[in-house]
Amino acid sequence: MPEPFKRPKRKNPIVRTRLPTLPPGLRSRVALGLTAAAARGRFELQVCRDCGAVQYPPREVCRVCLSHRLIWRPQDGRGELLSETVLRVAQELFFRERLPWRVGMVRLDAGVNVVAYVHENVSDAPCRVRIEAALDRAGQAALIALADDRRRSVLSDDPKLREMTCDPLGRKILVTDGKSVLGQAAVRALAAAGADLIWIGEAEPWKKIPGFAALRELSAAKIVPLDLTDGRSVQVLAGEIGAKVDIVVNTAEYHRTFGIAARRGVETAQLEMEVNYFGLLRLAQAFAPALKARAADGPTNAIAWVNVLSIFALANYPAHGTYSASKAAAFSLSQTLRAELRPAGVRVINLFPGPVDDEWDQLELPPKLSPAAVAAALVAALKDSVEDVYPGDVAQDWLARHLDNAKALERELSEGNR
Amino acid sequence: MARTGYDDVVLAAPVTVPYVRFSIKSAHWFLGRAVAQLIAAAKIAKARIDGMAVASFTLAPDSAVGLTQHLGVTLRWLDHVPMGGAAGIVSIRRAARAVQSGDAEIVACIAGDTNHPDSFRRNAAAFSQFAQDAVYPYGSGGPNTSFAFLTSYYMRTYGAAREDFGKLCVAQRSNALKNPSALFKKPLTLDEYLNARLIADPLRLFDCVMPCAGADGFLVMRRQTAEQLGLPFVRLLAAIERHNAFPEDPVQYRGGWALDCDELYAQAGIGPDEIDFLETYDDYPVINVLQFEDLGFCAKGEGPAFIRANTFEANGTFPFNTSGGQLSVGQAGAAGGSLGIVEAIRQLTGQTLGARVAEARHGLVSGFGMINYDRGLCSGAVVLGAA
């Protein structure tokens, strides 16, 4: 059995901080279908619409009937580990710095071979395994052979595969707003997941919110002033803790209901943009450079950036029209942030929850997500090596409708058909 | 319909541009030297060569076409054969038909590559779309990964031991020591083989071919042409090639030879018993064993027993990779697919550089190439006969 992760010793300040290296990130366009699915935590392969044959590696035409109608479909990943090796020599720096690597060839029951990383828990070939897809540090899909009955969250049990995750265990985390019910839930969930230290941002100290004071009792927590609408506040905090933060969790948001006609003026919408969009921008400008610089800083390196967005970022929900727009803006900006952090191996994770059981979604009909459920999804996203998370039934439903027919979803939402 | 035989097609003028571990030259240099050596060996003017088959991994951005201008040759028949370790065999097949039909009179078959310190990584990273998408990102082991899978599977399935592979490698080294152009100059003991450093379990250092720079070449023509030129030659008795054989086999435990072996011997008019020596494609020893089996020297799975029952030096019970093979000479990229061919021509024309197989009349040369994803896709073989 693998050794459980142990908190590393304090870093020797004289030792040079290593620069990040990445596994090879080059993929053909068609192979990015695997990445698209892995980003959502799914293992999908192309399946021929005409003859049903499963395909791998990704390709343009069916290996059996030559049909060009190949569609990505979820796979159960079950198969047999036929052969394996332990690589002791590697061509790429990323692998060379982490030798040895256990790699295997797996025959899926679906009839194709995949080359995959093999989890330490898997016994020697031949044996039954289950393939899962996760994002590697280059942000591309990597296939992993797991012991048949184990769940995905075992990635962290394997020291090599742990690097694919952003496991909060032992890490120092900034939660930008710890005061909202969602922020409080996030802090508690991260503390329970073994975070080493959580800085809890507080924008308005005069505001007393139930439950917030209790966070001071958490041994790993530290409340710090942080107001995302104030560039100076963001910079001051970055100056103090920026070089220590391993994970940024941006929970700060400003949320009001209504669209265009129900309000006069733009002040509310401006505030939404100030927090949800410009706040993210200020935060990214202040904290991203230090994250990049520490992306290879040992076993508790800087590793992830989490944005709590909203499913309304995907398609405008007129009843929360200006809020939707601000979240769409934040979503778009997060893609820039991802493009800038990916070369360092720092993952940008976006959460797109449906309506949350809080004050500003009061009039939304159930099902609604409890803040704790969003927080649990956040921790799972960090552990599971994914990038796009749609927690809850409503978010899943919207996503499915969006992927199926984005225009239809727009019409449905405009008719109040949530 | 029965295939047309190769009648009076012959191979002549084997040349080797000396192998070096690394070179600052480009592939054009090695291929150009090969052509220069070919016309010198055949004592012909450059203009007499009217056909060319070219194999190289490092010629990019050029192909065989660019090489014609680079070398200043005017050809009426040209082929680029991007099939790695099978390129030499495939070049023979194509050139043979060209000279038979009169499309060309003298075809230069050349294969070669340069090798820089970073070449192996570059080649492995971009070897094929499938390799780039689905193999290289898993540890960047290149062919070591793929052959570790095949070797491990073969050992488990057929009971081969490390000592079996080691015996082949040691015998090849013994052959190589007599070959002045081999890059490996020191004897290899079984102990050294068994205890070498691990590369990709179960593969250790001496299981893995050493990339280098170099080129090999030979001429294909009709017998009459060779006789007019006064060139020693060998006859092409039979030839096979196959691509993507047995796609449903979960792991490659046999190559395309198994499909075409009977036809090879039928066309040659002789059986495996009458083969005096075998030159296989040997970037890793397991693939030798597949060739023993699939080319009819022993049954499937009997490779280990076959190895234990034979000696493989040039003067042994089963003369094999008599120049030392790639594992002891070096792998000059695509030239690896021609190493066995030039050696077989030398053996059968009495021009050996090193160890000589006594009274050899027939030699079998096989090729294997292109680990596109999880297996080698190209296989081929020729039977050559002394004049």
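The following dialogue goes through a predicted two-chain model and the criteria behind its descriptions.

Mentor: Residues are numbered from 1 along each chain as its sequence is written, while chains are lettered from A and ligands numbered from 1 in the order in which they are written. This is a predicted model, where local features need pLDDT of at least 70, side-chain atom pairs count only at pLDDT 80 or more, and totals for chains, interfaces and linings use all residues.

Trainee: Why does the radius of gyration of chain A agree with a compact globule?

Mentor: The radius is taken over C-alpha atoms, and the globule rule is 2.2 Å times the number of residues to the power 0.38. For 418 residues the rule gives a value near 22 Å, and chain A has 22 Å, so the two agree. Along its principal axes, the C-alpha trace of chain A spans about 65 × 60 × 30 Å.

Trainee: What share of the residues of chain A counts as buried?

Mentor: 50% of the 418 residues. A residue is buried if 20 or more other C-beta atoms lie within 10 Å of its own, exposed if 12 or fewer, and partly exposed in between, with C-beta atoms placed from the backbone.

Trainee: How many helices and strands does chain A have?

Mentor: Chain A has ten helices and 15 strands. Both are DSSP runs numbered from the N terminus: helices are H or I with at least four residues, strands are E with at least two.

Trainee: Why is β8(A) called largely enclosed by the rest of the structure?

Mentor: Strand β8 of chain A covers residues 141-147, and six of its seven residues are buried, so the description holds.

Trainee: What makes β8(A) and β7(A) a pair, and in which sense do they run?

Mentor: Two strands pair if DSSP finds at least two bridges between them. β7(A), residues 127-135, and β8(A) have seven bridges, in the antiparallel sense. V118(A) stands opposite A145(A) of β8(A).

Trainee: How many residues does each chain give to the contact between A and B?

Mentor: Chain A gives 30 residues and chain B gives 31 residues. Two residues are in contact if their C-beta atoms, placed from the backbone, lie within 7 Å. On the side of chain A that touches chain B, β4 (78-87), β5 (101-108) and β6 (113-118) each supply at least two residues, and β4(A) gives the most, with six residues.

Trainee: What is the make-up of that side of chain A by class?

Mentor: It has 19 nonpolar, six polar and five charged residues. Here Ala, Val, Leu, Ile, Met, Phe, Trp, Tyr, Cys and Pro count as nonpolar, Asp, Glu, Lys and Arg as charged, and the others, Gly among them, as polar.

Trainee: How do you know that A134(B) is buried or exposed?

Mentor: A134(B) has 25 other C-beta atoms within 10 Å, so it is buried. A134(B) lies in helix α5 of chain B, residues 129-134. Not counting residues up to four places away in sequence, it touches P57(A), V115(A) and Y373(B). A134(B) and Y373(B) are 239 residues apart along the chain, with their C-alpha atoms separated by 7.5 Å.

Trainee: What makes the span of α3(B) close to the expected one?

Mentor: The expected span is 1.5 Å times one less than the number of residues. Helix α3 of chain B, residues 87-101, has 15 residues and reaches 21 Å from its first C-alpha to its last, close to the 21 Å expected.

Trainee: Why is α3(B) called mostly covered?

Mentor: Eleven of the 15 residues of α3(B) are buried, including I89(B), R93(B) and V99(B). Just after α3(B), G102(B) takes a positive phi of about 85 degrees.

Trainee: What are the domains of chain B?

Mentor: Domain 1 is 9-118 + 213-233 and domain 2 is 134-210 + 235-386; the bounds come from an automatic or database domain assignment. Their centres, taken over C-alpha atoms, are separated by 23 Å. The contact takes 34 residues from domain 1 and 35 residues from domain 2.
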